[in-house]
Amino acid sequence: MAYWLFKSETSTWSWDQQVAKGETGEEWDGVRNYQARNFMREMRIGDQGFFYHSQKHREIVGIVEVIAEAHPDSTTQDERWECVDIKAVKSLPQPVHLDQIKGNERLADMVLVKNSRLSVQPVTDDEWKIILSMSET
């Protein structure tokens, strides 16, 4: 299993909206960055990801699961753009803020720290474990 991070502005798509979709989940549509699209092409059913509120809140708030692999993005006719479907798995016990992540030297190489603008990004096994641990304290 691989781990990922999905970023969304709360005004566009929030964690509460994702949770409300239940088992049906939702397309992670609207991504118009080649690198982010290519990461979605690597995703497999069962992979998990962090759900990150960007802009105002800048925090990881929950865990999602990939439930459909890359397919054409239904929000465009442009064949270049694909997306995956995800469903909410659970909320984190405590959100983990970007400042906390940047303050943890073990996460200094995390894509979120190095390239915070990328909307879909990989998370290493170690980063996944560290952030889960941070959420529990």
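I began with Arg 58, which I found in the loop between β3 and β4. Strands here are DSSP runs of E with at least two residues, helices runs of H or I with at least four, both numbered from the N terminus.

This is a predicted model, so I kept to its limits: local features need pLDDT of at least 70, side-chain atom pairs count only at pLDDT 80 or more, and totals for chains, interfaces and linings use all residues. Residues are numbered from 1 along each chain as its sequence is written, and side-chain values use heavy atoms, with hydrogens and water left out.

**Entry: the β3–β4 loop**

I looked up the backbone of Arg 58. Its phi is near 50°, a positive value in a residue other than glycine. Gln 55 lies in the loop between β3 and β4 too. Its phi is near 60°, again positive and again not in a glycine. I noted the background: most residues other than glycine have a negative phi.

Are these side chains buried or exposed? I used relative accessible area with a 1.4 Å probe and protein chains only: under 20% is buried, over 50% exposed, and in between partly exposed. Gln 55 counts as exposed because its relative accessibility is 55%. Arg 58 has 36%, so I logged it as partly exposed.

**Entry: strands around that loop**

I then read the pairing, where two strands pair if DSSP finds at least two bridges between them. Strand β3 (residues 48-54) pairs with strand β4 (residues 59-72) over six bridges, in the antiparallel sense. The two form a hairpin with four residues between them. Which residue is the bridge partner of Phe 50 in β4? I found Ile 63.

On to β5 (residues 82-97). Ten bridges join this strand to β4, and the two run antiparallel. Ala 68 stands opposite Asp 85 in β5.

**Entry: salt bridges**

My rule was a side-chain nitrogen of Lys or Arg within 4 Å of a carboxyl oxygen of Asp or Glu. The count by this rule is eight salt bridges.

Arg 58 forms a salt bridge with Asp 99, with the closest N and O atoms 3.9 Å apart. This pair links distant parts of the chain: Arg 58 is in the loop between β3 and β4, Asp 99 is in helix α3 (residues 98-102), and they are 41 residues apart. Asp 99 is exposed, at 56% relative accessible area.

Glu 23 and Lys 87 meet through their side chains in a salt bridge of 2.8 Å, N to O. I checked both ends. Glu 23 is exposed at 62%, whereas Lys 87 is buried at 15%.

Lys 21 and Glu 26 meet in a salt bridge of 3.3 Å, N to O. Lys 21 is partly exposed at 35%. Glu 26 is partly exposed at 21%.

**Entry: aromatic pairs**

I paired rings of Phe, Tyr and Trp (its six-membered ring) if their centres lie within 6.5 Å; planes under 30 degrees apart are stacked, over 60 edge-to-face, the rest tilted. The structure holds seven such pairs.

The rings of Trp 4 and Phe 39 have centres 6.0 Å apart and planes at 50°, so I logged the pair as tilted. Trp 4 is in strand β1 and Phe 39 in helix α2 (residues 34-42), 35 residues apart. Both are buried.

Phe 6 and Trp 28 have ring centres 5.3 Å apart and planes at 70°, so that pair is edge-to-face. Phe 6 is in strand β1, Trp 28 in the loop between β2 and α2, 22 residues apart. Both are buried. Ring pairs link Phe 6 and Trp 28 with Trp 15 and Phe 51 into a cluster.

Entry: The largest pocket holds about 530 Å³ of space. Of its 18 lining residues, Lys 7, Ser 8, Glu 9, Ser 54 and Ser 119 are the closest to its centre. β1 (3-9) gives the most to this lining, with three residues.

Note on methods: On a 1 Å grid over the protein atoms alone, a cavity is a set of points where a 1.4 Å probe fits but cannot get out, and a pocket is an open set with protein on both sides within 12 Å along at least five of seven lines; lining residues have an atom within 4 Å of a point. Grid points are joined across faces, edges and corners, and a volume is the space filled by probe spheres set on the points.
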